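These are my notebook entries on a single chain. I record what I looked up, entry by entry.

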Amino acid sequence: MFNGFEPDEEVLTIGMTSQQLLTYFSEKRFVRELKARSKDSALKEMTELLAREREVHDPQLLLEMLKRRETLGSTGIGKGVAIPHGRTLATGKLKVAFGRSKKGIPFDAIDNEPVHLIFLIVAPYHDPKNEYLPLLGKIVEAVKTDTARDALMQVATFEDLKSVFSEALSS
């Protein structure tokens with residue numbers, strides 16, 4: 001159990017490999033150090049990142065969806081990790097953005113600790129391969145150990161991020 005967030009076992013056993021998981025990430029959606037100092041500004045910064053890559057048709061719609069999702073309960077799952085996520089009409093493809101904050105960001109996380117690692121997952125409403133929940137589950141699986149989270153805090157490049165995920169999911 002990861003601070004109250006335990007994805008359904010079926011989600012974790014779909015068979016998504018670390019290489020398949022990493023196809024949803026991109027060097028263009030990798031932020032070594034977020035400028036944001038609040039939850040809202042972190043969501044905005046990461047949404048703008050997707051918009052610059054033209055992955056999002058309507059960044060404002062995406063940002064509003066993410067903020068509404070946070071009112072249902074924080075996506076700060078504890079141990080310094082947040083995984084804001086949702087389905088939206090603002091994108092046609094499933095994508096992940098990664099951002100890190102060494103200082104930490106207040107995120108109303110389940111353990112009331114600041115968030116240092118943020119994985120933003122956006123999915124289209126129609127996900128024919130139904131990969132949204134397996135992707136979310138695999139990210140949770142990858143960051144469940146102190147070792148993986150510590151390694152993610154040290155990544156300097158996108159290649160480092162890929163190595164951490166490969167290592168974390170190899171067992």
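**Entry 1. Ala51.** I began with Ala51, which counts as partly exposed because its relative accessibility is 22%; buried means under 20% relative accessible area, exposed over 50%, and partly exposed in between (1.4 Å probe, protein chains only). Ala51 is found in helix H3, residues 39–52. I took helices (H or I, at least four residues) and strands (E, at least two) as DSSP runs, numbered from the N terminus. Leaving aside neighbours within four places in sequence, I found Ala51 in contact with Val56 and Pro59, where contact means heavy atoms within 4.5 Å. I also looked up Ala51 against Ala90: they are 39 residues apart in sequence and 9.9 Å apart in space, C-alpha to C-alpha.

**Entry 2. Basis of the values.** I note that this is a predicted model, in which local features need pLDDT of at least 70 and side-chain atom pairs count only at pLDDT 80 or more, while totals for chains, interfaces and linings use all residues. Residues are numbered from 1 along each chain as its sequence is written, and side-chain values use heavy atoms, with hydrogens and water left out.

**Entry 3. Thr75.** I located Thr75 in the loop between helix H4 (59–72) and strand E2 (76–78). Thr75 counts as buried, because its relative accessibility is 2%. Its contacts, with neighbours within four places in sequence left aside, are Arg69, Glu70, Val81, Ala82, Ile83, Pro84, His85 and Phe107.

**Entry 4. Strand E6.** I turned to strand E6, residues 115–124, which is mostly covered, with nine of its 10 residues buried. Which strands pair with it? Strand E3 (residues 81–82) pairs with E6 in the parallel sense over two bridges; pairing requires that DSSP finds at least two bridges between the strands. Strand E4 (residues 85–88) also runs parallel to E6, joined by four bridges. E5 and E6 run antiparallel and are joined by seven bridges.

**Entry 5. Aromatic pairs.** How many aromatic pairs does a search of the whole structure find? The search finds six. Rings of Phe, Tyr and Trp (its six-membered ring) pair if their centres lie within 6.5 Å; planes under 30 degrees apart count as stacked, over 60 as edge-to-face and the rest as tilted. Phe30 and Phe98 form a stacked pair, 5.8 Å centre to centre with 15° between the planes. Phe30 lies in strand E1 (residues 30–31) and Phe98 in strand E5 (residues 95–105), so this pair ties together parts that are 68 residues apart in sequence. Phe30 is buried, with a relative accessible area of 14%, and Phe98 is buried at 0%.

Phe30 also forms an edge-to-face pair with Phe158, at 6.3 Å centre to centre and 70° between the planes. That pair links distant parts of the chain, from Phe30 in strand E1 to Phe158 in helix H7 (residues 158–168), 128 residues apart. Phe158 is buried, with a relative accessible area of 9%. I recorded that ring pairs link Phe25, Phe30, Phe98, Phe119, Phe158 and Phe165 into a cluster.

**Entry 6. Nonpolar cores.** I defined a nonpolar core as a set of buried Ala, Val, Leu, Ile, Met, Phe, Trp, Tyr and Cys residues joined through side-chain atoms within 4.5 Å. The largest has 31 residues, of which Phe25, Phe119 and Phe165 touch the most other members. Helix H2 (18–22), E5, E6, H5, helix H6 (146–154) and H7 each give two or more residues to this core. The largest share, six residues, comes from H5. A second, separate core of 23 residues includes Val31, Met46, Val56 and Ala109.

**Entry 7. Phe165 and H5.** Not counting residues up to four places away in sequence, Phe165 touches Ser18, Leu21, Leu22, Phe25, Phe119, Ile139, Ala142 and Leu152. Helix H5 (residues 132–142) is mostly covered, with 10 of its 11 residues buried. Ile139 and Ala142 are among those buried residues of H5.
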